[in-house]
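User: Hi, I have just opened this one. Can you walk me through it?

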Amino acid sequence: MASGLARKVFLLAALGAMLAVTSLDLLLLYVALEIDVLCAFLMIACWGDLGRSAGARTPASAALMLTLFLAGGALLASLGLWVVYHKGGQTFDLTALHARLTEQPLAAGLQTWIFVVLLAGFGVLLSVWPFHVWAPPGYAAAPKIGRAHV
């Protein structure tokens with residue numbers, strides 16, 4: 001993974017991780033996580049380590065598995081964020097959402113539904129147990145320098 005393009009992809013992944021950590025906006029958090037997903041896919045598919053593939057999987061199949069699972073997780077997360085946006089005063093700003101939802105809380109059933117959808121969506125994106133089915137093949141097929149990031 002010594003090519004110039006590989007370094008740029010790794011730097012873009014680092015930028016996505018920094019944006020995710022410092023974000024005070026739900027939309028920016030979502031975009032930052034999607035940048036990380038795209039970079040992880042490129043690292044595994046283009047520069048994956050054929051010698052460390054999990055079982056009979058190749059880096060391409062591990063990257064496809066990662067893409068399918070993370071697309072489903074991103075869809076769930078975007079659905080939950082869309083509901084928070086519309087029910088929380090038409091904003092993604094966390095401080096404004098906190099102020100709005102402190103004054104006028106959502107119904108308990110809706111809060112539970114949003115929590116479950118966001119937990120499942122971000123759980124897949126962040127490979128939290130039990131949503132981490134894609135992670136072992138992805139980690140095994142990732143290049144050495146990108147393995148910690150994936």
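Analyst: Here is a short tour, from the whole chain down to single residues. This is a predicted model, where local features need pLDDT of at least 70, side-chain atom pairs count only at pLDDT 80 or more, and totals for chains, interfaces and linings use all residues. Residues are numbered from 1 along each chain as its sequence is written, and side-chain values use heavy atoms, with hydrogens and water left out.

User: How many helices and strands are in the chain?

Analyst: The chain has 6 helices and 0 strands. Both are DSSP runs, numbered from the N terminus: helices are H or I with at least four residues, strands are E with at least two. In sequence order the pattern is α-α-α-α-α-α.

User: What does the C-alpha trace span?

Analyst: About 55 × 30 × 15 Å along its principal axes. The accessible surface of the chain is about 8,300 Å², and 72% of that belongs to carbon and sulfur atoms. Accessible areas come from the Shrake-Rupley method with a 1.4 Å probe; for residues, only the protein chains shown count as cover.

User: What share of the residues is buried?

Analyst: Buried residues are 37% of the 150 in the chain. Buried means under 20% relative accessible area, exposed over 50%, and partly exposed in between (1.4 Å probe, protein chains only).

User: Switching to packing. At what angle do helix 3 and helix 5 pack?

Analyst: At about 145°, with their axes 7 Å apart. Helix 3 covers residues 59-87 and helix 5 covers residues 108-125. Axes are lines fitted to C-alpha atoms, for helices over the stretch in contact, and angles run from 0 to 180 degrees between N-to-C directions.

User: Which residues meet there?

Analyst: From helix 3, they include Phe 69, Leu 76 and Lys 87. From helix 5, they include Trp 113, Val 117 and Phe 122. Contact means heavy atoms within 4.5 Å. By class, the contact of helix 3 with helix 5 has 18 nonpolar, 3 polar and 1 charged residues. Ala, Val, Leu, Ile, Met, Phe, Trp, Tyr, Cys and Pro count as nonpolar, Asp, Glu, Lys and Arg as charged, and the others, Gly among them, as polar.

User: How many aromatic pairs does the structure hold?

Analyst: It holds 2. Rings of Phe, Tyr and Trp (its six-membered ring) pair if their centres lie within 6.5 Å; planes under 30 degrees apart count as stacked, over 60 as edge-to-face and the rest as tilted. Tyr 85 and Phe 92 have ring centres 4.7 Å apart and planes at 25°, so that pair is stacked. Trp 134 and Tyr 139 have centres 6.4 Å apart and planes at 40°, so that pair is tilted.

User: Is Trp 134 buried or exposed?

Analyst: Trp 134 is buried, at 3% relative accessibility. Tyr 139 is partly exposed, at 31%. Tyr 85 is also partly exposed, at 23%.

User: New topic: the loops. Where is Pro 130 found?

Analyst: Pro 130 lies in the loop between helix 5 and helix 6 (135-141). The peptide bond from Trp 129 to Pro 130 is cis, with omega near 5°. Ser 127 is in the loop between helix 5 and helix 6 too. Its phi is near 55°, a positive value in a residue other than glycine.

User: And what is phi of Gln 90 near?

Analyst: Near 60°, again positive in a residue other than glycine. Gln 90 is in the loop between helix 3 and helix 4. Its relative accessible area is 46%, so Gln 90 is partly exposed.
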